[in-house]
Amino acid sequence: MPNIKIFSGSSHPDLSQKIADRLGLELGKVVTKKFSNQETCVEIGESVRGEDVYIVQSGCGEINDNLMELLIMINACKIASASRVTAVIPCFPYARQDKKDKVGVRDICLLTSVMPFAIQHQDKKPAAISISSHSSRAPISAKLVANMLSVSGADHIITMDLHASQIQGFFDIPVDNLYAEPAVLKWIKENIPEWKNCTIVSPDAGGAKRVTSIADRLNVDFALIHKERKKANEVDRMVLVGDVTDRVAILVDDMADTCGTICHAADKLISAGATKVYAILTHGIFSGPAISRINNACFEAVVVTNTIPQEEKMKHCPKIQVIDISMILAEAIRRTHNGESVSYLFSHVPL
């Protein structure tokens, strides 16, 4: 393909190489290093003038360093007269910080102390209820990352399974949010013999749309688990809505971080009568105690895509299996470069 260059950031060189191999291209020359004061330094080692440039960098590992490296690479290509710069970000960083949903402790105290007084004295003190709890001081970091990518010079974003698809609206540039769903369906049909007698389960209400889509395409039932959290990354209790008795349960989610939720969910499903439990996740972050939790849990397999490198995790956890999605990203790049539609990839895996 003429007038196209693919560069790899340092977060996931293996995925970048697979994408380049799939397209029959060499990865562009780039040197990334750090000065002694930990500033990131990037040198693009070849001409990009008039080229269609794709920079592959996933939001994993040292997330802040990798994000900064991506921004600098985009800017370096842009000011070197690249005709278009596309950031290929398989796992979008800060995607979970996409709304202001926290309430300040002081605001709650203020509210609880003012409410009864205001209700008793409505005629005297109508202005007593200052409901400042709705304007908490939580940031919307995903929007900040979107602004940074735009300002650095990105013309287009390609990502996969955004935590909230509304994040696409944070950008004023085109965003192609690809889905791992076709690859997940293919894996289920090829690797779970009893897939026709399975139930697709969402570990939380937010993933209901995702599991209903997969269940419809497999023509099987779905269930969901309602979880109540006391605080972030800590689940209080779970309620199963749906039937998994004498069936294979397949937990499907977009990401797993500390794995507390999916391990709790697996125990819940086994106690509800499921014969086997699989977990299929797009982004396997696996931080903190995640690996030991998976090893101790009752999963047949925990299946993740390679949007995040998993080689080290697989050495410590034999239950982890990986679906390669490099061909989906490569085909998205090829279609974008040639001005073709990418909607075919929403329902098919490229051959």
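Is Phe171 buried or exposed? Phe171 is buried, with a relative accessible area of 7%. Here, buried means under 20% relative accessible area, exposed means over 50%, and partly exposed lies in between (1.4 Å probe, protein chains only).

This is a predicted model, in which local features need pLDDT of at least 70 and side-chain atom pairs count only at pLDDT 80 or more, while totals for chains, interfaces and linings use all residues. Residues are numbered from 1 along each chain as its sequence is written, and side-chain values use heavy atoms, with hydrogens and water left out. Helices (H or I, at least four residues) and strands (E, at least two) are DSSP runs, numbered from the N terminus.

**Aromatic pairs**

- Rings of Phe, Tyr and Trp (its six-membered ring) pair if their centres lie within 6.5 Å. Planes under 30 degrees apart count as stacked, over 60 as edge-to-face, and the rest as tilted.
- By this rule the count comes to three aromatic pairs.
- Phe92 sits in the loop between strand 5 (84–89) and helix 3 (105–120), and Phe171 in the loop between strand 6 (156–160) and strand 7 (175–178), so the pair ties together parts that are 79 residues apart in sequence.
- Phe92 is buried, at a relative accessible area of 6%.
- Tyr179 and Phe346 also pair edge-to-face, with 5.3 Å centre to centre and 80° between the planes.
- Tyr179 lies in the loop between strand 7 and helix 5 (181–191), and Phe346 in the segment after helix 10, so this pair ties together parts that are 167 residues apart in sequence.
- Tyr179 is partly exposed, with a relative accessible area of 32%. Phe346 is partly exposed, also with a relative accessible area of 32%.

**Nonpolar cores**

- In soluble globular proteins, nonpolar side chains tend to be buried together.
- A nonpolar core is a set of buried Ala, Val, Leu, Ile, Met, Phe, Trp, Tyr and Cys residues joined through side-chain atoms within 4.5 Å.
- The largest nonpolar core has 45 residues. Ile19, Ile188, Ile200, Ile250 and Ile333 touch the most other members.
- Helix 10 (residues 326–337) gives the most to this core, with six residues.
- The core draws at least three residues from each of domain 1 (4–96 + 140–178) and domain 2 (181–323). These bounds come from an automatic or database domain assignment.
- Apart from it lies another core, of 30 residues, including Phe7, Leu71, Ala95 and Ile157.
- Contact means heavy atoms within 4.5 Å. Leaving out residues up to four places away in sequence, Ile200 touches Val211, Ile214, Ala215, Leu218, Val220, Asp221, Phe222, Ala223, Ile250 and Val252.

**Strands**

- Nine of the nine residues of strand 11 (residues 248–256) are buried, so this strand is largely enclosed by the rest of the structure.
- Two strands pair if DSSP finds at least two bridges between them.
- Strand 8 (residues 198–202) runs parallel to strand 11, and four bridges join them. Thr199 stands opposite Ala249 in strand 11.
- Strand 11 also pairs with strand 12 (residues 276–284) in the parallel sense, over eight bridges. Met255 stands opposite His283 in strand 12.
- Thr305 belongs to strand 13 (residues 301–305). Thr305 counts as buried, at 1% relative accessibility.
- Thr305 touches Ala180, Leu281, Thr282, Gln310, Val322, Ile323 and Ile325, not counting residues up to four places away in sequence.

**Helices**

- The expected span of a helix is 1.5 Å times one less than its number of residues.
- Helix 10 has twelve residues and should span 16 Å; its end C-alpha atoms are 16 Å apart, which agrees.
- Eleven of the twelve residues of helix 10 are buried, so helix 10 is largely enclosed by the rest of the structure. Among them are Glu331, Arg335 and His337.
- Just after helix 10, Gly339 takes a positive phi of about 70°.
- Helix 7 (residues 260–271) also has twelve residues, and reaches 17 Å from its first C-alpha to its last, close to the expected 16 Å.
- Buried residues in helix 7 include Ile262, Cys263 and Leu269.
- Gly273 follows helix 7 and has a positive phi, near 105°.
- Asn147 is found in helix 4 (residues 141–152). Asn147 is partly exposed, with a relative accessible area of 33%.
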